[in-house]
Every structure is written in C-alpha cells, then in structure tokens.
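Hi,

Here is the structure I promised to pass on. Have a look at it first, and then read my notes below.

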Amino acid sequence: MKMRSGSAWLVPLLLAAGLVGCAPGMDPVLDDEAIDMAVEEEAPLGGEALAQRRTDLARAWRDLLHFDETMRSLVDRKDSHGVKLLDAFLSQYMGQHLDPLLRPRWQSSHPEVMALDANLRFMKAQILAGMRYPRRVQQAIDDIQRRFEGRESMLVEYPVGEQRPLGEALELLRDQKWNG
C-alpha cells in the first residue's frame, strides 16, 4: 500500500489522540476549529448524496418544529418536570444529531440547501432561547452572521410561518434571546 505524501498520516493520528482524550477521568474540550482540523471538511455533495442531505436537513427541520411545539405546550401547561426532561433530550439531540448535520460549511452557500441550512440554524437558536440559554443563542447568532455574511437579504423562515430577510430575522432573534 502506497502512502500519500503530505499530511495524510495526520488525520488518523489526531483521531487516535482524540480517542485517548476520551479515556475515563479526562475531559477533552474540542471547539469547531479543532474538529475541522482533525477531520477534513466534507466536500460539497452532488447527485444522490445531495438529495440525501436535503432529506436529512428537511427531517431535522420537521423534528425541530415538533420539539419547539412540544416545549411551548409544556411551558403553557407549567409542566416543569416535562420541560426539564425535554431540555435534557434536546441538548443531547443537538449535540449528537443536529450539530454534526450543520457542521459542513459548504451547505450554507449551496443553492439547493442553503435555505434549509439557514432555517435550521434559526430554529435551533429559537429553541435554545426557549430553553433559556442566551450564551448558546448568541453563539448561534454569531454562526449565522459568519456563514451568511453579505446575504442579509436572503429570505428565511423566522419566526416559523413567516418569511423575512435574514438581517431582519437576526434582529428578531437577538430580541428573542433575552425574552425566551
């Protein structure tokens, strides 16, 4: 087997180091930049793979709509135990399923999926605001601003059921951050 020159050996080494960091008693802290360095970013998809990504993003959108509706219902009924349980589930869902789905940068500018990508990011931030996590909402706002810089006139669905320019939606989201 022929080894490619360059940094091809670096990715397995970094992944192995990450696994060692997961040993009991250790608490590895990885930010998005470290993850991007350890694993090469996914290239833009096409054909069947792009159709599958669009399906995955649409499914995540529907999931978030239902989670948001459930959270609002629990809050309206003053079911603090249910809110606490759903909060824990949503935190895990976002970390294990949603965040990896939203990680690739290419989909924020690909014409076939960028609207879904933006809508998912806004819905994630809305749910985080409802969960009363203003710091995480601010991180989501910063991420949206970085990824969609220069496209403030792009239409997004925020709040759900209404379309407005991304820049205006960001202003609404900033207000929502503190009002949950």
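Let's start with Tyr 158: its relative accessible area is 4%, so Tyr 158 is buried (buried means under 20% relative accessible area, exposed over 50% and partly exposed in between, with a 1.4 Å probe and protein chains only). Phe 122 is buried too, because its relative accessibility is 0%.

Before you go on: this is a predicted model, where local features need pLDDT of at least 70, side-chain atom pairs count only at pLDDT 80 or more, and totals for chains, interfaces and linings use all residues. Residues are numbered from 1 along each chain as its sequence is written, and side-chain values use heavy atoms, with hydrogens and water left out.

Now the rings. There are four aromatic pairs in the structure (rings of Phe, Tyr and Trp, with its six-membered ring, pair if their centres lie within 6.5 Å; planes under 30 degrees apart count as stacked, over 60 as edge-to-face and the rest as tilted). In one of them, Phe 67 and Tyr 93 have ring centres 5.1 Å apart and planes at 75°, so this pair is edge-to-face. Phe 67 sits in helix H3 and Tyr 93 in helix H4, 26 residues apart (helices are DSSP runs of H or I with at least four residues, strands are E runs of at least two, and both are numbered from the N terminus). Both Phe 67 and Tyr 93 are buried. Ring pairs also join Phe 67, Phe 89 and Tyr 93 into a cluster.
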